[in-house]
Amino acid sequence: MKIRTLGICAMINWKLLLFGFALFLSLFFGLPPRQTNAETGLNEQKPSRLISFQREIRPIFSEFCFTCHGPDANQRKADLRLDTPEGLLESGIVKGNPKESDLYQRLNHHDPKKIMPQPKLGKNPTKAQIGLVGEWIRQGAKTETHWAFTKVNRPPLPPSVNTPNHSPATHPVDRFLWEQIKNNGMTPSPRADKNTLIRRLTLDLLGLPPTHAEIDTFLKDNSPTAYENLVERLLASEHHGERLALDWLDAARFADTHGYHLDTARDMTKWREWVIRAYNSDMPYNQFTIEQLAGDLLHNATLDQKIASGFNRNHMITFEGGAIPEEYLNNYIIDRVNTTATVWLGMSISCAQCHDHKYDPITQKDYYSLYAFFNRLPESGIGAVGNSAPFLEVPNKNQTDALSRLDSEINALETKFKNQAKKSEAEFGPWLSRFKERKKPIWEPLGQAKTHSKNGAILTIGKDHSITVTGQNPVTDIHQVIWKNKTLPTGIMVEFLPSPDAENRLGRSANGNMVLTSAKLEMVNQTGMATPVPIRTVYASQSQRDFPVENLLLPGGKGWGIFPDVKKNHKLILDLGAKRILSETDEIRLSLGYESPYSGHNSGRFRVTSTDLPNPISFSTFPESLNVMDPKWPTNASKDQQKLLLDWFLTTVSKDGSVFKEEIAVLKKKRAELAKTFPTAMVMQDMANARDTFIRIRGAYDKKGDKVVQGVPGMLSPFPAGAPNNRLGLAQWLVSRDNPLTARVYVNRIWQLFMGTGIVRTVEEFGSQGEQPSHPEFLDWLATEFMEPTHPAMRGKAWSTRGLIRLIVTSEVYKQSAIVSLDVLKKDPDNRLLTRASRMRLPAEIIRDQALAAAGLLDRRIGGMSVNPYQPAGLWEELMGREDSAKFTAQFFVQSKGADLYRRSIYTFWKRTSPPAALATFDAPDRETCTVRRARTNTPLQALVLLNDPTYVEASRKLAEKILLNNGNTQQRLEYAFQAVLSRNPIPKEVAVLTRVLEQQRTHFQAHPQTAARLLRVGESPFNNTLDHAELASWSILSSVILNLDEAVNRS
Amino acid sequence: MDPMQTFNQLVNRRFFLGKGASTVGIGALSTLLPQNLFGENTGPGTHFPPKAKRVIYLFMSGGPSHLDLWDYKPGLSKHRNEDLPSSIRMGQRITGMTSGQSRLPVAPSLFRFRQHGNCGTWASELLPYIGKCVDDIALVKSVHTESINHDPATTHIQTGSEQPGRPALGAWVSYGLGSDTQNLPAFIVMISQGSGNKTDQPIFARLWGSGFLPSVHQGVRFRTGKGDAVLYLSNPDGIDETTRRAMLDGVEELNRLALDQIHDPEIATRIAQYELAFRMQTAVPELQEIQTETRQTLNAYGIKDNPTDGGFAKNCLLARRMMERGVRFVQLMHRGWDQHSDLPRQIRGQCEDVDKPVGALLNDLKQRGLLEDTLVLFGGEFGRTVYSQGALSPNNYGRDHHGRCFSMWMAGGGVKGGTVYGETDDFGYNITKNPVHLHDWNATILHLMGINHKRLTFRQQGRDFRLTDIAGEVVKPIIA
C-alpha cells in the first residue's frame, strides 16, 4: 500500500499518527528507518531490538482489529477477540513463526475475501506495521495488558547523566528525561536567563507577569536558593489558586449560564471560590476529588464540602418549553459520567453509552453501573431559570445577621399581636351577628347580565354563572360583562376557571396562559354615557413572575399573567371603595382587556361576582370552608372551625389586630425579599429511594434494557473494601492506590501545564486508542511519587499538587532555554524529547490579565461574582433577543463598571451560547462540555483583538501613563515598558525600531492633537490629564506595539 | 535565505508531522501549505471532483411549517377539526406543549398552493418568488429527525448530534476544504431576526462552532447591524491608517528579530497573520459596500432603507458577494419560524422576509454563472404538526414541532433542479416514500462538495468522528 500525499485533513488521521510514530521510534531508539520486504512487509534483517507489544503491536490491533475483534461482544466476528492475551493465542498464532500464523497470513492474504481487515472497512495497516506484527510473532508473541490499565509501580531512577550544558543530573525529572535525550544523540539546552525564568515561572504559577520590583529583586538575588525562593513565593501567592483553577474550570465545564435554549444565568460562584481556596490551601488531590464528587455524602459534611460537590452540577440544564424531562435527566447523568471519566480516568467511555466499548474492556453494563451512582439526585430533567434543585442557600455574614434581626422583630410583633388578640375577641361576637344578619353570601352572582367580545369571540353564560369563551381566539380582545344592580358594589371578584374548550386551562393561548392588561368598571346611564369607577386597589390569588397584578393599575402596563399555573383557579378582586346607590336605569359595565403582545392570551372561562361588604380584599382570605351563613352556625361548629373564623377576624377586621398584622406582613415581605438575595449553590444530593437504573438500548433514553446497580469497572481495580456503595465509594475507588489511572492522568495534565504537551499527548485518552507515553517509566515514577512522596520537593505530603508542581519547576528540564537551532527543530519539531523549553502561546485569560497587570489596571480581588468586561454590543441579543427577554436572565449584556471591568479573566461571565468574544478568539472553550486540552491557534482574528479591542487599547494607554510618570530618558522608558510586559530590557536593535516608531508617532500626534485626544478617551478609565497628550498618545502606540509582539502572547 | 521562506518550509514540515493545526489560520492555508488536502489526484481538497465549491445555507430557525409552505395536502380540508387518527400518530411521542391537549384537531393550511415552472412543483402562495425558481430546486419532502425541541434539533441538524460538542457542517467543510480566499474567513455566519414572531427561539454559537476541530474552523459571525462586521475589525478611535501601518511595521520588525533568535516557526505564522488581519481591514468593508450594486439588484432583493426583515435581504446580497470573493461556506440564520399559535399571521411575516430575497439570490447567482458551482440550501430544524396547538378557529391555528417529516430544498451546484423527492402521508405526518434522515441530507451536501462523508474524520478521545456519525446515505436521485 502506498502512502498517500498527506494534507490538512489527514494530519490528524491515523496515517500521520503512525508516520509520526515511526519517526518517533527512530528518534527514541536511534534506529535507521527499517528496511522491509516490499512484498511481505516482513523485516528481512535481524532486528536489533525487542519489539514492544505494549507500544508497537497493541496500537496496531486496536486501530485495525478491535472494531470487530475487540471488547464489544455484540460486534465480535468469528468469536475472535484480539484485545486479551487468551484471545490472541486463539487467533492461530504460532509463536516464532509468522508465516505459519493465521493472524499474520490474514493481514497479507491475496484473497480479498480472506484478507483482514476487510477492504470495505477502508482502514488498512501499512506494510511496515504488518512487518512489525510479523517480527513480534517471530520473537515469541509476548502479550501484556494495556499499559494504562496496570497498577502504577515505581520504576528505578535512571543513572545520572552527564550533558554538555549542565552539571550531572541529580533531579529525578532530569535523570529520566536526559537519559532519553542522550539515547537519541541530542543534548538538553542550557538554562534560560533569569529574566526569562522569572517571567516563565510567574506566568505559569500565577498567570500574571512579574512586576518591575519582583524582577529587580530576583536579578539581584545571587544566593544559590534564589530560584527556589522565587518558586516558594509564587506557590504561596493567592493568585496561584486562580491560575490552577482556570484549567479546572475548563475540565469541570464551569459556566455562568445553563447552556441550553434561552441560556439563562446560574450562579456557581461559591463553587468557583471553593476551587480557588482548595488550590491555595494545597488540598491533597485525593481529598479534592472526594469532596467534589461526593462532599455531600461525607460524615457530618460541612457547608464547604457540600458546595464542592457542585462539580457535577456544572453541566448544562434546560427548561425549554416542551422538553421531555426524562430525556434531559438522562443527558445530565450522561454528562456527569463522561466528565468524571475524562477528568479522573483520562478516558472516553462514552462509546459504552450505546454499546460495549470497541477498544477498551468497558462494557455497556459498566457504563450504566457508573451511571447509577449519579442517578440518585432529587432533580427533574427540567430545571429553573436560575439555579436548579437541589441547591443550598449560602448567605454571607451580613445577610444572616440581617435575617436574624428581622426574625426577632417579627417574633416581638407576633407576641404583641397575641396579647392584643385577647382584647379584640370581645368585638368578635357583635361583628358575627351583624355579618349573619346580611343573610346573603359574601360574593353574590350578578343575576341578569349581558356579555360582549370586542374581536368576535363567543361569550356564553352558564348555569353556574361562569362565562365560557369559545369561537375564534383573536390576537387581542376585550371581554365585557354588563349588568344592573341597585347599588354600586364595594368590590368585584373575577374568578378565572379552567375551560374545557382550552384543554382545561385558564387561558386560550398555546401554553394555556392569559395576560390581562386592563380591568375597567363603568356606570353607564340611559343615554349611554359612561362614568368610570376608580379602582382603589387590586388583589390576585397568584401572579406570574414579572407580571404582578399591580400592573393592572398602571396605564399601558405589561399586564397580569398566570403562567405556569394555568390549570388552577385564580381570583382577581377589585376594591371599589364605598358603596353607592345607582339609578334604576344605570348599568354597570366591567371590561377586561387582553391587549398584550402575546398573541391570543385571552381568558377561556371566568365568573364575575360582587359584594357590598367594606374592605372586599380582606375576604380573599375568608375561610370558605365555613358555612357561616347557616343559621345554626357557630353552635354546630367545632372549636377549630370557630377558631379559624376568629383568627381571620382578628387579622383582617379587628382594628388593632390588623395594624399588627400589616406590620408583620411588611416584615415578612422584607424577610422574603432578603432571602431572595441569598446566593445559592447547586449541589449533589442522594435520595433515600433512588430511581432504578437500566441499560439504555443503543443509548436511547426511552429504551430501557436490563436493570443494573451502581458499580465500578472492576477490570481497572477492585472497589475498596468497606467503601460505601455510593458516590463516596466511587470517589474513594478513584483515589485508591490501586487505581491505575487517576494519578497518571492528573500528573500528566499538570505536566502539560508546564511543558505544553502531556507525557501522554492525548491527555483526555489513556485507553487503547490514545497515544503512547513519550516517557512511560517517567510517567509511572511521577505518578508513584505523587501518591507516595520521597523527594524533598513533595515535603512528605501525598497527593500534593503543590509538591508536584515544585518538583517539576525545580528541574533543569523546566529551566531550559526555549531557543532552538534549526537542526534540532528538524529532528524533533514537536519537542517530545524536551531538549528545550516549550514556547507556548498563553491562554486567552492570561493574555488579558497580563495586559491589565502591566497597565496597572488589574483588580486583584479573589473570588466573587462573575463580571462583564468590554464586549462589542449586541452579541447576546442577536442570538436570544425576544420581546419577552426581560422575563429571563442573561439575555441582555450589561457591561460592568469601575473595578469590575478589570477583574481577572477567570471571573468573566461565561455565557455558554455566546462565550466572551475576545477570549474565545484565543481558544477559550465554550464550556458546554468538559475540556482538558485547549487548542493553541494563531489567527488573524487574534491580531484584530490585540490591536483593536478597547481592553488592549486602554491597557496600552494606562501603561503609557506609568511609563511617563516613571522619569527617565527614552532608553530608560523603553526599558520600563519592555520589562512591564516581557520582563527584560530591549536589545539595541529593538531600541532602534521602538525609537523610530515613537518618533514617528510623536510627530504625528503633535500635528493632530484631536486625534491624540480621541485615542486617549478609549476605555472607561480616565486619562492622566497632567501629561502631554501627544506624548501620552505616542507612548500608548508604543505600548500597544509591545503588547502585540509574539513574545508578549507567548511564554518561553 | 529569506527567513520567511525558511520558516515556511519548517511550517510545512511541522504540518506533515501532524502538528499543523496550531499553525494554520484563515488564508494561511493557501500561502503556506499545499492545496492538496486529501491526496490522490482528484483536485484540491476533495475525494472526487466536486460539483459545488461553495455553500449558502439559508437556515430557517424555529421550524417552518412544511404543511403551509411545501407539502401540499389538498385532501386535508375534509378532515378539518377531526382528531388526528391514531393510525397516523401511532403513539409517537409529542412535545410537552401539546401532550396535555385533550384533542389533536387536524388543521388544514389556510394557504392556497399552486404549481410552478416546467416541473410543476407545488408551492404555497406565500412563496411566489421562490416558486418561480422551482426548476432549479430539488425539494425533499421527507427529511426527518429524532429531535422534537429546538435546542437539540438545531444542534442535531447543524452538527450531526443532539448533544453539544461536535463541529458544525460549515466547520467540517472548512476543515476539509480550507479556504479559497486570502482575505476573508472560510466560514461566515449572518443572523437576522424574523418579523413574524417576536418571541422566537434563541440560537447558539455552537451552531457554527468548531467542536473538537481546531478553532480556526469555527464560523465567524459577520454582523450587519451596528458595529464592526467582523469583531474588532476597525481601528480604535484615534488610530488612523498611517499609525496602524507604522505599528504593524514595528511589530513585524520586532517579531522578525525574535524569529532570527528563537527560531520558533509560530513567530513566522504570527507575522503572516498580522498581515492578513491588515488585509481583512480593507477586504471586509469593501465586501460590505452594497451601495455599489445597481438599483435594479437592490430592488430585486427588496433591500429597503429601513428593512422590516431583520436584515435578511441584505444578508442574501452579502452572501452572493462573499461567494464571488471565495468564501467557502456562508450560513444565514433567520429567526422567527416557531409558530405555536397565530401561525397564519406569523408565517406570512416570515415569508415576506425571505421569499423575495431568496428568489433574487437564486436568479442573481444564476445570471452571474455562480449557481453552477454554488450550493444553496433552505430549511429549518424540523417541520410542524398537522394538528392545531391550542384552539383551532376558522382563521387561526398554531402548530407544534414535528420532526417525523419536513421539507427542505437545495439548488445549484450538482443539484437536479425541478425534482421533488420523498412523500408523506395524507396528513403530512409520516413519510411514505424515500425517507431522508438529516445525516443523509448532510452526507449529500458533502458529496456535492466532492467529499466522501465517511472519510472526512477527526480523531478525538480515541474515536474517529464524522459529521454523519455512523449513518448517512447520499441521496443520489436529487443529484444531477
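## Confidence of the model

The structure is a predicted model, and its overall scores are an ipTM of 0.82 and a pTM of 0.80. Chain A has a mean pLDDT of 89, with 95% of its residues scoring at least 70.

For chain B the mean pLDDT is 87, and 90% of the residues reach 70 or more. Residues 6-44 of chain B are a stretch where pLDDT stays under 50, although the model has 112 contacts for these residues beyond four places in sequence. Where pLDDT is low, the predicted coordinates should not be read in detail.

## The contact between chains A and B

The contact between the two chains draws 107 residues from chain B and 109 residues from chain A. On the side of chain B that touches chain A, the elements giving two or more residues are the helices H1 (3-19), H6 (150-159), H7 (169-177), H8 (241-262) and H9 (265-288), together with strand S16 (458-460), in chain B. Helix H8(B) supplies the largest share of that side, namely 13 residues.

Sorted by class, the residues on the side of chain B that touches chain A comprise 41 nonpolar, 47 polar and 19 charged.

## Domains of chain A

Chain A is divided into domain 1 (9-144), domain 2 (240-273 + 311-393 + 689-724), domain 3 (395-441 + 622-678), domain 4 (443-620) and domain 5 (844-921 + 938-1052). Between domain 4 of chain A and domain 5 of chain A, the C-alpha centres lie 58 Å apart.

## Two helix pairs in chain A

Two packed helices are described by the angle between their axes and the distance between the axes. In chain A, helix H8 (residues 194-206) packs with helix H10 (residues 226-235) at an angle of about 25 degrees, and their axes are 10 Å apart. Because that angle falls under 35 degrees, H8(A) is roughly parallel to H10(A). The crossing in which H8(A) passes H10(A) is right-handed. From H8(A), the contact is made by A:Leu197, A:Ile198, A:Leu201, A:Thr202, A:Leu205 and A:Leu206, while H10(A) brings A:Tyr227, A:Leu230, A:Val231, A:Leu234 and A:Leu235. The residues of this contact of H8(A) with H10(A) are divided into 10 nonpolar, one polar and no charged.

The second pair consists of helix H13 (residues 285-294) and helix H20 (residues 727-734) of chain A, which pack at an angle of about 155 degrees with their axes 9 Å apart. An angle over 145 degrees counts as roughly antiparallel, and H13(A) and H20(A) are therefore roughly antiparallel to each other. H13(A) passes H20(A) in a crossing that is right-handed. The contact is made by A:Thr289, A:Ile290, A:Leu293 and A:Ala294 of H13(A), and on H20(A) by A:Arg727, A:Leu728, A:Leu730, A:Ala731, A:Gln732 and A:Leu734. In this contact of H13(A) with H20(A), seven residues are nonpolar, two are polar and one is charged.

## Local backbone features of chain A

A cis peptide bond runs from A:Met116 to A:Pro117, with omega near -10 degrees, and A:Pro117 is placed in the loop between helix H5 (102-108) and helix H6 (127-138) of chain A. The peptide bond joining A:Phe563 and A:Pro564 is also cis, with omega about 5 degrees; A:Pro564 is found in the loop between strand S13 (560-561) and strand S14 (570-575) of chain A.

Although A:Arg698 is not a glycine, its phi is positive, at about 50 degrees. A:Arg698 belongs to the loop between strand S19 (693-696) and strand S20 (704-708) of chain A.

Conventions. Residues numbered from 1 in each chain as written. Chains lettered and ligands numbered in written order. Predicted model: local features only at pLDDT ≥ 70, side-chain atom pairs only at ≥ 80, totals over all residues. pLDDT = per-residue confidence, 0-100. Contact = placed C-beta atoms within 7 Å. Helix = DSSP H or I, 4+ residues; strand = E, 2+ residues; numbered from the N terminus. Nonpolar A, V, L, I, M, F, W, Y, C, P; charged D, E, K, R; others polar. Axes fitted to C-alpha atoms, helices over the stretch in contact; angles between N-to-C directions. Parallel < 35°, antiparallel > 145°, perpendicular 65-115°, else oblique. Left-handed = near helix turned anticlockwise from the far one by under 90°. Domains from an automatic or database assignment.
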